[in-house]
Amino acid sequence: MTPPWLRPLVDAAARARPEDLSRFAPPERATRQSAVLLLLGDGPAGPDVLLIERSPDLRSHAGQPAFPGGRIEATDDGPAAAAVREAVEETGLDPAGVDVLVTLPALWLPASRYVVHPVLAWWREPSAVAPVDRAEVVAVERVPIAELADPANRLQVRHPSGDVGPAFAVRGLLVWGFTARVVAGVLALARWERPWNPGRVEDLPDEVVRLAARTAARSDDVAATT
């Protein structure tokens, strides 16, 4: 049974629209499918969500904080199975303690040209988690919802392109881009959001921009061959 604090999000998720979580809905002809796991549990500091930090050596989304997840394989029984499998492979969590609740609307990740299926789950029996392969994941964090909702930790970041979007500075991580937009949407849907200052806008650090450029370059390479 899900805890009372999680029920508002579960109820809202059933009515959620793509625009509640992202600026981009999938194009009709998109074929590349992936899934991410929004795993919420009762942690040492209260309700929290599981995030990973990707290796800076990856070719795609290098160095970025993210939800566990990845490509949906032909052997997966849909987005939920893929999201849980990827989370196990990346963090070592025990899937027996995870209850999938609902799959949120599909979203579009322009940087890598993937349709992303966010899968909301309840961490009924939390297990130990840590990076399984440091060539892919360098850190695993249970980030308290209260810290994400804390106005002191919220800001917007500006990409050199001029694009401005939500961000969260928590646990030594700068959560931005797709993941931050989904987190912001979840806070709003569940009514966990607290008043904050959207006028706090900072430039993305140079190193973050440099790593993000790898994904854009790889996306262009893929587009040229499809």
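Student: Where does R181 lie?
Tutor: R181 lies in helix 4, residues 177-190, where helices are DSSP runs of H or I of at least four residues, strands are E runs of at least two, and both are numbered from the N terminus. This is a predicted model, in which local features need pLDDT of at least 70 and side-chain atom pairs count only at pLDDT 80 or more, while totals for chains, interfaces and linings use all residues. Residues are numbered from 1 along each chain as its sequence is written, and side-chain values use heavy atoms, with hydrogens and water left out.

Student: Is R181 buried or exposed?
Tutor: R181 counts as buried, at 16% relative accessibility; buried means under 20% relative accessible area, exposed over 50%, and partly exposed in between, with a 1.4 Å probe and protein chains only.

Student: And what is R181 in contact with, leaving aside neighbours within four places in sequence?
Tutor: R181 is in contact with L21, R23, D163, V164, G165 and P166, contact being heavy atoms within 4.5 Å.

Student: What is G165 paired with?
Tutor: G165, in strand 10, is the bridge partner of V157. Strand 9 (residues 154-158) and strand 10 (residues 164-170) pair in the antiparallel sense over five bridges, and two strands count as paired if DSSP finds at least two bridges between them.

Student: How does helix 4 sit on that sheet?
Tutor: Helix 4 packs on the sheet by touching strand 9, strand 10 and strand 11, and its direction makes about 80 degrees with that of strand 10; the axes are lines fitted to C-alpha atoms, for helices over the stretch in contact, with angles running from 0 to 180 degrees between N-to-C directions.

Student: Changing topic, how many aromatic pairs are there?
Tutor: The structure holds two aromatic pairs, meaning rings of Phe, Tyr and Trp (its six-membered ring) with centres within 6.5 Å, where planes under 30 degrees apart count as stacked, over 60 as edge-to-face and the rest as tilted. The rings of W5 and W122 have centres 6.1 Å apart and planes at 75 degrees, so that pair is edge-to-face.

Student: Which parts does it tie together?
Tutor: W5 lies in the segment before helix 1 (7-13) and W122 in strand 7 (residues 114-123), so the pair ties together parts that are 117 residues apart in sequence.

Student: And the other pair, what is its geometry?
Tutor: W5 and W192 form a tilted pair, 6.0 Å centre to centre with 45 degrees between the planes.
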